Amino acid sequence: MTHNGFSNHHEKELVAGNVEGHTNGIHANDDEAKNQSKFDILWNTKISNTTSFIIVSKFLAEFFGTATLMFLGCMGCLDGFDNVTTNLSRGIIFGFTVMIVILTFGVVSGAHINPVVSIAAYIYGDLSGTMVLVYFIAQFTGALCGYGLLMAVAPQDYFNQALVDGYGSCVTAPHNSLTSAGALAIEFIVTGILIWACCGVWDPRNADQQNSVPIKFALLVAAISVAAGPATGASMNPARTLSPCIWNNSYHKIWIYFVGPPLAGVIMPIVYKYVFRRESNNIIEHIPAPPQEQVCVCILHNKDSHVEKV
């Protein structure tokens with residue numbers, strides 16, 4: 001009985017305390033929730049939805065995405081830590097690094113992480129000229145910082161040895177057996193394949209085929225890298241090429257990677273846009289009857305699909 005009496009009395013105190021708002025902090029939590037709600041409303045309506053903030057957000061997504069590509073991808077190309085890389089291992093690591101970036105930043109900026117893809121998006125009509133410039137700055141600076149971070153944390157001896165054995169760790173250069181024209185053609189073709197894949201993903205008819213895009217691009221980049229890696233390094237990306245060249249002061253035939261891939265980025269989206277792209281897959285149109293016959297002409301158009309670009 002004594003225990004029950006104490007419990008009842010204590011419960012009354014708790015109830016009284018709750019009414020006054022001093023005992024268990026419920027009102028304090030409510031106030032914090034209200035303040036948090038006000039902040040969320042302010043953030044979502046006055047800050048994060050502004051044009052300036054969106055541009056900054058996309059810039060940072062491309063910056064960190066390209067930095068990730070260079071740090072992880074080129075770490076996978078580094079012969080060191082008791083590990084000797086192969087063409088297959090290098091292709092796989094770059095492919096799945098692209099997958100990581102798409103999963104992380106695809107919904108923010110499209111995860112271009114490549115100036116050539118941004119050029120293609122502009123020609124395709126999915127990116128403004130201003131944003132192309134923003135993406136360019138983010139991609140080139142991100143690539144420089146990503147590779148620079150790798151050089152800062154990995155032993156310098158590994159990079160020095162790569163310069164002794166070749167043109168430098170993760171530096172793209174044509175194989176000695178290739179002519180400049182042959183290397184240029186390979187970079188143009190493999191970049192064109194990449195760009196056509198992007199255009200296919202951007203095609204409105206693929207609006208409902210977006211769930212597996214990251215893994216598709218991982219396998220695509222891996223396949224191209226394994227196939228063309230021994231020939232030219234399979235760059236397909238001027239930002240990816242420039243950064244290791246600058247850090248290693250190694251510029252062997254770098255012009256190939258600033259001519260072939262950008263040229264593909266201009267030509268291939270034009271071809272896809274005007275030859276392969278369709279705005280709607282199912283348009284049913286009833287042809288009008290001759291003018292002298294007064295009939296009702298009905299034209300049915302399916303609503304165009306809208307899709308987030310990668």
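1. Contacts along the chain. In this predicted model, among contacts between residues at least 6 apart in sequence, 75% join residues at least 24 apart. Phe71 lies in helix α3, which covers residues 51–75, and, leaving aside neighbours within four places in sequence, Phe71 is in contact with Gly146, Leu149, Leu150 and Val153.

2. Overall make-up. The chain has 11 helices and two strands, and, read from the N terminus on, the elements run α-α-α-α-α-α-α-α-α-α-α-β-β. Of the 310 residues of the chain, 39% count as buried. The accessible surface of the chain comes to about 17,300 Å², and 63% of that surface belongs to carbon and sulfur atoms.

3. Annotated spans. An unreviewed UniProt entry carries the annotation "transmembrane region" for residues 53–72, 92–125, 132–154, 181–202, 214–234 and 254–275. Two of these spans can be set against the model, taking residues 92–125 to begin with: their end C-alpha atoms lie 31 Å apart, and the span is 82% helix and 0% strand. For residues 254–275, the end C-alpha atoms lie 32 Å apart, and the span is 73% helix and 0% strand.

4. Helix α10. This helix is mostly covered, since eight of its 11 residues are buried; the buried residues are Pro238, Ala239, Arg240, Thr241, Ser243, Pro244, Cys245 and Asn248. What covers these buried residues includes α3, α4, α5 (115–124), α6 (129–153), α7 (156–165) and α11. At the N-terminal end, α10 is capped by Asn237, a side-chain oxygen of which lies 3.0 Å from the backbone nitrogen of Ala239. Just after α10, Asn249 takes a positive phi of about 50 degrees.

5. Asn114. This residue is found in the loop between α4 and α5, and, at 5% relative accessibility, Asn114 counts as buried because the cut-off for that class is under 20%. A polar atom of the Asn114 side chain lies 2.9 Å from the backbone nitrogen of Val116. Not counting residues up to four places away in sequence, Asn114 touches Gln139, Leu194, Met236, Asn237 and Pro238; Asn237 is the residue that caps α10, and Pro238 is one of the buried residues of that helix.

6. Glu187. Which residue of opposite charge has the nearest side chain to Glu187, and how far away is that side chain? Glu187 has its place in helix α8 (residues 180–202), where Glu187 is buried yet has no salt bridge, the nearest side chain of opposite charge being that of Arg240 at 8.3 Å. The side chain of Glu187 does, however, reach the backbone nitrogen of Met236 at 3.0 Å, and one of its polar atoms lies 3.2 Å from the backbone nitrogen of Ser235. Beyond residues up to four places away in sequence, Glu187 touches Thr232, Ala234, Ser235, Met236, Ile256, Tyr257 and Pro261.

7. Salt bridge. Side chains of opposite charge can pair when their charged atoms come close. How many salt bridges does a search of the whole structure find? The search finds one, and in the salt bridge between Asp203 and Arg205 the side chains meet at 2.8 Å, N to O. The two partners can also be described by their accessibility: Asp203 is buried, with a relative accessible area of 1%, whereas Arg205, at 32% relative accessibility, counts as partly exposed.

8. Positive phi angles in loops. Phe81, although it is not a glycine, has a positive phi of about 55 degrees. Phe81 lies in the loop between α3 and α4 (87–109), and Phe81 is exposed, with a relative accessible area of 51%. Lys253, also a residue other than glycine, has a positive phi near 50 degrees, and the place of Lys253 is in the loop between α10 (238–248) and α11 (260–276). At 28% relative accessibility, Lys253 counts as partly exposed.

Note on methods: Residues are numbered from 1 along each chain as its sequence is written. This is a predicted model: local features need pLDDT of at least 70, side-chain atom pairs count only at pLDDT 80 or more; totals for chains, interfaces and linings use all residues. Side-chain values use heavy atoms; hydrogens and water are left out. Helices (H or I, at least four residues) and strands (E, at least two) are DSSP runs, numbered from the N terminus. Buried means under 20% relative accessible area, exposed over 50%, partly exposed in between (1.4 Å probe, protein chains only). Lys and Arg count as positive and Asp and Glu as negative; His and the chain ends are not counted. A salt bridge is a side-chain nitrogen of Lys or Arg within 4 Å of a carboxyl oxygen of Asp or Glu. A polar contact is a pair of N or O atoms within 3.5 Å; within protein, one must be able to donate a hydrogen and the other to accept it, and residues adjacent in sequence count only if both atoms are side-chain atoms. Contact means heavy atoms within 4.5 Å. UniProt positions are given in the numbering used here, feature names are shortened, and annotations may be inferred rather than shown by experiment. Accessible areas come from the Shrake-Rupley method with a 1.4 Å probe; for residues, only the protein chains shown count as cover.
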